[in-house]
Every structure is written in structure tokens, then in C-alpha cells.
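Hi there,

Here is the structure I promised to send over. Have a look at it first, and then read on for my notes.

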Amino acid sequence: MDLSNYLLMKPELSLTAVFLLLIIYDLFASDKTKKYYFPVACLLFLVHTVYCFFLLKEEGTSFGGMYIAGQAQAAIKCILNVGVFMIFLQANNWLSKPDAIVKRGEFFMLTVLTLLGMYFMISSGNFLIFYIGLETASLPIAALVAFNKYTHESAEAGAKYIFNAVFSSAIMVFGLSFVYGACGSLYFDNLAISMFSSPLIIMGMILFLAGLFFKISLVPFHLWAPDVYEGAPTNVTLYLSTISKGAAVFALMVILYKVFPLLSGVWTDVISIIIILTITVGNLFALRQNNMKRFLAFSSISQAGYIMLSVFNGTQFGMGATLFYIFVYVFSNAAAFGVITAIENQTGKVNMSDYNGMYATNPKLTWAMTLAMFSLGGIPPTAGFFSKLFVFSAAMEQGHTILVFIAFLNTVISLYYYLLVVKAMFINKNSSPIECVSTDGYLKISLTLSMAGILLIGMVSCVFEYLRAVSFGIW
Amino acid sequence: MNNIPLEACLAVSTIMFFAGVYGFLSRKNMLMVLVSLELMLNAADLNFVVFNRYLFPNQMEGMFFTLFAVAIAAAETAVAIAIIINIYRNVKSVYIDENITTMKN
């Protein structure tokens, strides 16, 4: 056995080390030292995040092509790290509550474990590793969704998530079995060589894609998303809507580009119909929501449609635009959910009508929310504008004019409901607005970080240049 | 052994899979939903084994995939049953009806 294979897996090893340290600390620390659990966990993860930035240049394959380390994979891992770090910072208030403080360690461990699964899913070069990574990523999330076990909504959301996750992965594996039966291998490289266009392979591919679309919650397969997002604890909702979606999109993109480039005529048609449905239905349902978490759930469904718009081009520019979109989306959603967490923890209010007249009492939080909404809607000074610009120009380059036109119309609709939140906070009158919410230092850091991200990432053009340079396409 | 044609094995696994889909969509008891899900996963595993045995007998990739998939299915069942027990503690029922579903569009 050649141990040098492991040298490429430094991000995974570092994350495993973080997980082991957290579990040892949680098990063996005395009650007196345990009160530092939260800062220690955040610090450990920060060290891991910074360490991953030094590994951006690593390339190669190990275990006979089962594990692929490339620059694009390293870049998406860093993006996910930054997102998870912000989620950790936002969780302090919620985890300090009496019914959550005893299982505080479990939140960190389960989150780190799902992230480990996503790492394997991202750098897989074989469908076996891909499947194991996908399940390692989705099973602990079910436990996280059902984390508040004394509230019925949380348990119900957990059941809905686990049933849908297993259902989708069963469909996915069933499709995979046909691809295996036709081509005789599970390695991405061998599959790409022996791939040919036959009804069996096309059926297998469609079943496989349907399973993955469940995870990304694209429209015919989106029905679980709003309920799960509403019932889950707010920090877990943020995790589901950004990190898990981003990792699944990246894995889908790699598989489409590496395994099924020969069938691109088939999946281009399928995905373009799904994009139109996703963007439109997500937007139209978001219009009629009052609960903020449900509202952001439908908004994240339509955002997934925009991400797919850049995925299915198959160009290097398209892949760079996808990575950039995920990066910006992590920051915008982190800001929006940070404000929701702060308000929910202190007052228990999550409805849009409760936000009326909030500017009078909480000006800072209102500005944070406004910037997040501007970025999600795509208003120029924020990074959201640039990410949408790149996605649209990548699609235009390949001549998908009608698709871009429909997506553009939908941007206008989405702007209406994003600005509805801004209007509620600034203009609507309310005799009893939300009282002044005090946020703890960690949440302040997280909000500042996401504000800086929203304002700067678009302007600092080297970010996009870098992401584009590391990406690859079919042609 | 080779008297059984490949098509017969595939027919069995396809019937299993769609019986699972039907059960998942129509059953009201959450445990039965879980059983249906297992049926779907096992149909996929059966497919892998059959393809490996009949078409590529010189290598073991499909068998290995099945081994891992069985272990993962067990883990899935464990988590799902834990969540079902949690729901049972809250509402004293495992039937999917209006007592359980509180969130709707």
C-alpha cells in the first residue's frame, strides 16, 4: 500500500483532524472548560479554512483515479469553507439556549461531517466514491434538520428531508446501474471513453440526473425544499440553501463535463426546460410567501435555476461563472439569514409583516438585510449584479438567446419581491415594530464579513479571473 | 445458474423498483414508506449484481458498489427510524395525515 496517495487528500485529512479534536474535546472536557467550546470550535475551523487556501495549487489523482485533486476542486472547497465558517459564527445565540447547549458539540461535529462528505463528492473520480460522499453529506443533514427535537416542525422537516433524500438517491443509483451495465465501469475516465449513445444509457443518465436534481431542488423535484427550509433551525437552513446546494451543483457539473460530454445534445435540452421551469415557478411562488424562511426557500430555488444556466453551457467561462455565482450567493444568503437569526432568537418573529418599520429600531440590521436583498436581486454596486452578468454573458456566448431572455424577465419579477422586504423595513408603518435587537460579537463578525463580501467580491476582479482560470469545460 | 436469462433478472429488479415507488407514494404508515424505500434501493443493488455477474464476470466493480450501497442503506434506515421515533414522541402517531403535516404552501 502506497501511503503517498494520502498526500493529495490534505483538505480531507485536515477536516478529519478538526472533527476528531472536536469530538475529543466534547467527550473529555470538564464542565468548566466546556464553556469555551464555541470559540475553540470556530478557531479550529478558521485554522482549517486558512490552511485550505495554501492548498489551492495542488493537482493530481490518487487511488488509481478514484480521487481527483484539481484547482477547481480546491477553489470550491475554499468557498464552502468560508460559508461554513460564517454559519458557525452565526450559531452562538441559538446554541446557548438551555435545550440546545447540551448538544452544542453535535451541531459542530455533524456539520463538519457533512462537509467531509461534500469534499469527497466534489473530488470523486469514481461513482462509488461519489455515492458514498453524497450519502455522507445528506444523512447528517437529516439529523441537523431534526435538531430541535422538542418542536414538531423540526421533526416533521427532518422526516420530509430523509424520505426525499433516500428516494432521490435510490432513483440515482438505479440510473447508475444502467450506465454501469452498458459501459462496464464506474471510473469517470473509463466511462467517458466507452460512452456511446444508446437508449439504455440515456435512460440511466436521466434517472441519475433526476436524483441529483432532487438534491439541488430544481423545479419538478423541489416540493420538499420549502417545508424543510421552514421547519429546520435557521442556521441549518442557511447550510442547506448554500453549502449543500453549491457542492451538489459542482459535482453535477463535473459529472456532466467528464462523463457525459458525448450526450450533451440530450442533457442540454433537458436542462434548458428545467431551467425555465425552475426560475419561473420559484419566482412566482416566492411572491406569495409571508414567512421569511419560506420566502428565501423559494428565492433559493430560483437562484439554483440561474446557477444551472451557467452550468449547462459546457464552456470554461460558464464554469467560472458558476463558481463565482456560488461564491457570491454564499455571502448574500449568509447576510440575509444572519439578520433573520438575530431577530428570531430574540423575538421569535419570522414573518415579513413583523419586519414593518424595522428601520426605526434596528438601522444596522436593516442595512445588512437591504444589501443582501440587493445582492440577491442583482442591483449594480453589489456582487450579485456581477454574478448575474457573468452567468448571462456565458449563456449568450453559446447562443441561448431565448433562455437568457426568459431569465432576464424573471430577474425583474424577483426584484419586485426582494424590494418588497426592503419596502417593509423602510417605508411600511407599524405601531409596534421589532424592539432593538442586540447581537453578540460572533454574529457581528459574520455579518461584517458577508457585507464586505457582497460589496467587494464584484469589484475585486481578480477573484473572478482566478475562478475562470482554474475552471475547465467540454470545449 | 446461467439458465436464467439476464432479462428475467432485470424484470424482477424493475418490478421491485416500481413497487417501491408505488409504496412510497401511496402508503400512509411511515414505517411502510421506509420499507418501500428499501425495496427501491435493493432493486438498484440487484441490478448492479446482475450486470456484473452476466456481462463483466472478470471484474468485481458492481459487487463492490453493492456492498457499499447495502451498508449505506442500513445507515439511512437507522437515521430515518430515529427521526420517526422522534415524531412518534411528539404526536403519538406514525401515520402521515393532518396531525403530522403542519407546514403547507
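Below is what I found, chain by chain.

Please keep in mind that this is a predicted model.

Let me start with chain A. Its secondary structure consists of 21 helices and 2 strands. The globule rule gives 23 Å for 475 residues, and the radius of gyration of chain A is close to that at 21 Å, so chain A is as compact as a globular protein of that length. Of its 475 residues, 58% count as buried. I also looked at contacts in chain A with a separation of 6 or more: residues 24 or more positions apart account for 79% of them.

Now for chain B, which has 3 helices and 0 strands. Following the sequence, you will read the pattern α-α-α. Chain B has a radius of gyration of 18 Å, whereas a compact globule of 105 residues would have one near 13 Å. The C-alpha trace of chain B spans about 50 × 25 × 25 Å along its principal axes. Buried residues make up 31% of the 105 residues in chain B. As for its contacts between residues at least 6 apart in sequence, 45% join residues at least 24 apart.

I hope this helps you find your way around the two chains.

Best wishes

Definitions and conventions: Residues are numbered from 1 along each chain as its sequence is written. Chains are lettered from A and ligands numbered from 1 in the order in which they are written. This is a predicted model: local features need pLDDT of at least 70, side-chain atom pairs count only at pLDDT 80 or more; totals for chains, interfaces and linings use all residues. Helices (H or I, at least four residues) and strands (E, at least two) are DSSP runs, numbered from the N terminus. The radius of gyration is taken over C-alpha atoms; the globule rule is 2.2 Å times the number of residues to the power 0.38. A residue is buried if 20 or more other C-beta atoms lie within 10 Å of its own, exposed if 12 or fewer, and partly exposed in between; C-beta atoms are placed from the backbone. Two residues are in contact if their C-beta atoms, placed from the backbone, lie within 7 Å.
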